[in-house]
Amino acid sequence: MKKTKLFMDTVVDIKVVTRKSNDDAESAIDRAFEAFRKVEHACSRFSLDSELMEACRRIKTPVQISPFLFEPLKFGLEVAKWTNGIFDPTVGKAMEDLGFNQHYLTGKLIQSSSSESATYRDIILNEQDRTLYLRKPLVIDLGGVAKGFAIDLASQELKEFEGFVINAGGDLYAGGLDESGSKWKIGIQHPINKEQIIQMIEISYEAVCTSGSYERKSPINADMHHIIDPNSKQSPTEWISCSVIAPYAMMADAFSTASFLLGADRGRSLIEAIDLKGVLITSDLQICRVGGI
């Protein structure tokens, strides 16, 4: 059974392989889609009434937040620490200024106030009472973790089935086995020649997520894309695409973005250091395989 819906500015396809009834499969798929809805409402930077944007308007005040916001933000801050701030959830204002501020459904524009000097260190999470505290005005962007988090939550609703794939715009998690009883065969596309598959991988209970400069261009500056260095406020150019394979989608999502931001040498070293696998493509279309692929 396969169903498709639109969430988080992307088409989400869910496919289930099962001997159970269609009703059971459909109910589980609907619960999986509900996970996407909850994460989008919690983490969207494009809706003023999202939990994230409401929290961002409360400066120097502890704000209790739901697990749907707390968990991806916590992981995003951990990745920020691991990368010495090159992956930084406070790039939201810089993204707004580059024109990445329009809601994909309503077309409404978001324009926020923020401190130019804000970094991830200005975000304080209290794990005991699950509160968020902002030291100064800033805009949090969870584009590097939220979709992966939604995929991971959705996968928990489908784990009872023999096999399933959750594909959110090319970022995906494959569980169990396919219709033939084999691992899922996933093709990683060439970032320019879409018809060309540059790498076939076989996965089961693993995620594949890709960050690329070709995905979303700034409507204001043609030289900029949606991945922004928090220090220079520029878009890195060493990679054109970074695909990371990991046990969880949020991990693959975050580290594909982090490796893109770090550039050729440090990006590859990061993936190797945390024992993940990756297929990385340089701006001159050289393919770099990491982790024994």
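Start by selecting Leu105: its relative accessibility is 57%, so this residue counts as exposed. Keep in mind as you go that you are looking at a predicted model. Leu105 sits in the loop between helix H4 (92-97) and strand S4 (123-126).

Next, on to charges. Side chains of opposite charge can pair when their charged atoms come close. How many salt bridges does the structure hold? There are 18 salt bridges, and we'll visit a few.

Pick Arg31 and Glu157. Their side chains form a salt bridge, at 3.0 Å from N to O. Arg31 belongs to helix H1 (residues 22-43), while Glu157 is in the loop between helix H5 (146-156) and strand S6 (163-168), so this pair ties together parts 126 residues apart in sequence. As for cover, Arg31 is partly exposed at 38% relative accessible area, and Glu157 is partly exposed too, at 29%.

Now jump to Arg45 and Asp141. This is another salt bridge, with the closest N and O atoms 2.7 Å apart. It links distant parts of the chain: Arg45 is in the loop between H1 and helix H2 (51-56), Asp141 is in the loop between strand S5 (131-134) and H5, and 96 residues separate them. Buried or exposed, these two? Both Arg45 and Asp141 are buried.

For a local pair, go back to helix H4 and select Lys93 and Glu96, which lie three residues apart, about one turn of the helix. Their side chains meet in a salt bridge at 3.8 Å, N to O. Both Lys93 and Glu96 are buried. To see how such pairs can join up, select Lys20, Arg31, Glu157 and Glu160: salt bridges with shared partners connect these four residues into one network.

Last stop: show H1 and helix H3 (residues 67-82) as cartoons. Their axes come within 8 Å and cross at roughly 75°. Angles from 65 to 115 degrees count as roughly perpendicular, so that is how H1 and H3 are placed relative to each other. To see where they touch, show side chains for Lys38, Val39, Ala42 and Cys43 on H1, and for Phe68, Leu69 and Pro72 on H3; these residues make the contact.

Technical notes:
Residues numbered from 1 in each chain as written. Predicted model: local features only at pLDDT ≥ 70, side-chain atom pairs only at ≥ 80, totals over all residues. Heavy atoms only, no water. Helix = DSSP H or I, 4+ residues; strand = E, 2+ residues; numbered from the N terminus. Buried < 20%, exposed > 50% of the residue type's maximum accessible area, 1.4 Å probe, protein only. Axes fitted to C-alpha atoms, helices over the stretch in contact; angles between N-to-C directions. Parallel < 35°, antiparallel > 145°, perpendicular 65-115°, else oblique. Contact = heavy atoms within 4.5 Å.
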